[in-house]
Amino acid sequence: MELISILNLAYLVASILFIVGIKQLAHPKTATRGNFLGALGMLIAVVATLFDKEILSYEWIAVGVLIGSVIGIILAIKIQMTAMPQLVAVLNGFGGIASVFVAGAALQLSIPKYQYAVNYQEVVSIVFSAIVGGITFSGSFIAFGKLQGFITEKAVRYPGDQLVKILVGLTAVGLGVYGCMVPTDESIYWILSGVSLLLGIFLVIPIGGADMPVVISLLNSYSGIAASATGFVLNNNVLIISGSLVGASGIILTQIMCKAMNRSLTNVLFGGFGAVATEMKDDGDFYSGKVKSTSAEEVAMLLDVARSVVIVPGYGMAVAQAQHTVRDLYQLLTARGIDVTFAIHPVAGRMPGHMNVLLAEADIPYDRLKEMDEINSTFENVDVVIVNGANDVTNPLAKTDPKSPIAGMPILDVGNAKTVVVIKRSLSAGFAGVPNPLFIADNCLMLFGDGKKATQEMIAALKES
C-alpha cells in the first residue's frame, strides 16, 4: 500500500474519532470519553503526518512539541476555572496566527511554481487563511484583554468607527484579490496579514464585556475556518475536516448564544452589538433607601420552611470559587427534602457553558441543571431563589427599558418567585454597566458578601436551626 493511501486512511480514522468525540461531548456523562476520543484522533493525525516525506527536520518538531507540552502543562495546572474564557480566547488566537504562518510558508515554497502556472485553489486558500487567521489572532487577544481587564470592558466607540471598519475590510479584500492575481509578490501576503490583524482589532474593540461569550464562540469558529482553509493550502484532508467541524460547531453555538442575547448573527459578524444603546447611568439615587439587606441567619430561616429552591449561578460565584460550597448547600437542602434546581442562563459567566462546567466540576447532578427556557415558567411556584453572583442575566431592564444595552435580552424571571436572595459583594453594575431593579424589588433581599463565604454562613446557620 502506498504511503499516501496509508496517510489518508489514518486521516479518515482520525476524522471519525473527531466526529464521534464531538457527539459525546454533548452530554456530561460521556464528555470525558469524547475528549479522549478527540485527543486520540489528533494523536493519530499528528503521527501520520510525521511520516510524510515532506517533513524536513524532526529535531525542530521535537523541540516545538517539548516547549508546547511544558507550556500546556503549566497552563493546565495554573489557570483557574474563572480564567478559562481568557485561555480559550488565547488558544483561538494562536490557532489563527498558526494558519497565517503556515499559509505564508506554503506561499513562499510555491512562488517558483507560480512563475509557470498558478494553482488558484491554493492561492485563494492562502489569501483566505491570511484574512481569517489575522482577524482571529488580533480579535482573540483583544477579547482576552477585555476579559483580563487589560483593556476596558466597555464598548469603545468613536465617530466614524463603522466607516473605518468598512474601509479596512475593503482594503483587505482588495489586497486579497490583488494577491490572487499576482501570487508571486510575497510582500502582498504579509501586508494583507497586517491589515487583517488591524481589522480584527477594529471588529472586537467596539464590543462590550457583556457580549464576550458570543465573541469567544465566534472567534472559535473563525479559528476553525482558518484551519480548514490552511488544509486546502496543504492538501491535508484531516485539517480540512477538523477545521470544518470546529468552524461549523462554532457557528451553531454562536447562533444559540445570539438567540440567548437577542442578537442577530449579522450584528455579531459586524461587531456592532452591545455598543449602540446608551447606558443607563446610576446617579446615586437609584438604590438609595430602597435596598433590603439580610443576613445568613434570616436566609436560613427562609430556607428552613421552603419546599422548592432555585439557585442561579453567575460570574460572581466563579470569581469566589464557590461552586463546591454551593454543592454543599445543595446537598444539605436536598437531605431535608427540599427540591433544589439550578437555573442556567446560556450566557451566564464569560463563555458558553461556563456555569455548566463549574457545577459539573463540583459533581452537581446534571439533571438538576435547568436551562432558561425550561425553568422560566416555573419561577412563580418557587419559594426561594438564591442568585449567587449573577447580575445582567436577571436584570428586568432587559424587558422594561428599550434604551438599555441589554434591551430585548431574554433573562431568568427570578423576580416571579416568592422570595429572591441575591448574594453579591456590592451594588455595582454587571458587564452591561447598568443598575438592576431586581435589587430593590419588594420580594428581594440582598446578602452582601463573597459568594463562597456567604454560602458557608448560610450552611452554618442552617445546621444550627
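About 580 Å² of area is buried between domain 1 and domain 2, and carbon and sulfur atoms give 77% of it; buried area here is the accessible area (1.4 Å probe) that two parts lose on being put together, summed over both. Welcome to a predicted model, in which local features need pLDDT of at least 70, side-chain atom pairs count only at pLDDT 80 or more, and totals for chains, interfaces and linings use all residues. Residues are numbered from 1 along each chain as its sequence is written, and side-chain values use heavy atoms, with hydrogens and water left out.

- Nine residues from domain 1 and six residues from domain 2 take part in the contact, where contact means heavy atoms within 4.5 Å.
- Y11, S15 and F18 together supply 56% of the area that domain 1 buries against domain 2, more than any other three residues.

**Transmembrane annotation**

- The unreviewed UniProt entry lists "transmembrane region" for residues 6–22, 34–51, 57–77, 89–111, 123–143, 163–181 and 239–258; the positions are in the numbering used here, feature names are shortened, and annotations may be inferred rather than shown by experiment.
- In the model, residues 6–22 are 100% helix and 0% strand, with end C-alpha atoms 24 Å apart.
- Residues 239–258 are also 100% helix and 0% strand, and their end C-alpha atoms lie 28 Å apart.
- Helices (H or I, at least four residues) and strands (E, at least two) are DSSP runs, numbered from the N terminus.

**Nonpolar cores**

- A nonpolar core is a set of buried Ala, Val, Leu, Ile, Met, Phe, Trp, Tyr and Cys residues joined through side-chain atoms within 4.5 Å.
- The largest one has 40 residues, and I126, Y189, L192 and V215 have the most contacts inside it.
- Two or more residues come from each of α4 (84–114), α5 (120–148), α6 (161–181), α7 (186–204) and α8 (212–234), with α5 giving the largest share, ten residues.
- Leaving aside residues up to four places away in sequence, Y189 touches S99, V100, A103, G104, L107, I126 and A130.
- A second, separate core of 38 residues includes Y315, L329, I386 and I423.

- All five residues of β4 (residues 384–388) are buried, which is to say under 20% relative accessible area, with exposed being over 50% and partly exposed in between (1.4 Å probe, protein chains only).
- V384, I386 and N388 point one way from β4, while V385 and V387 point the other way.
- Strand β1 (residues 308–313) runs parallel to β4 and is joined to it by five bridges; P313 has N388 as its bridge partner.
- β4 also pairs in the parallel sense with β5 (residues 419–424) over five bridges, and V387 stands opposite V422.
- Two strands count as paired if DSSP finds at least two bridges between them.

- Most residues other than glycine have a negative phi.
- N235, in the loop between α8 and α9 (237–261), has a positive phi of about 55° and is exposed, at 56% relative accessible area.
- Q321 has a positive phi of about 50°; Q321 lies in the loop between α12 (315–319) and α13 (323–335) and is partly exposed at 40% relative accessibility.
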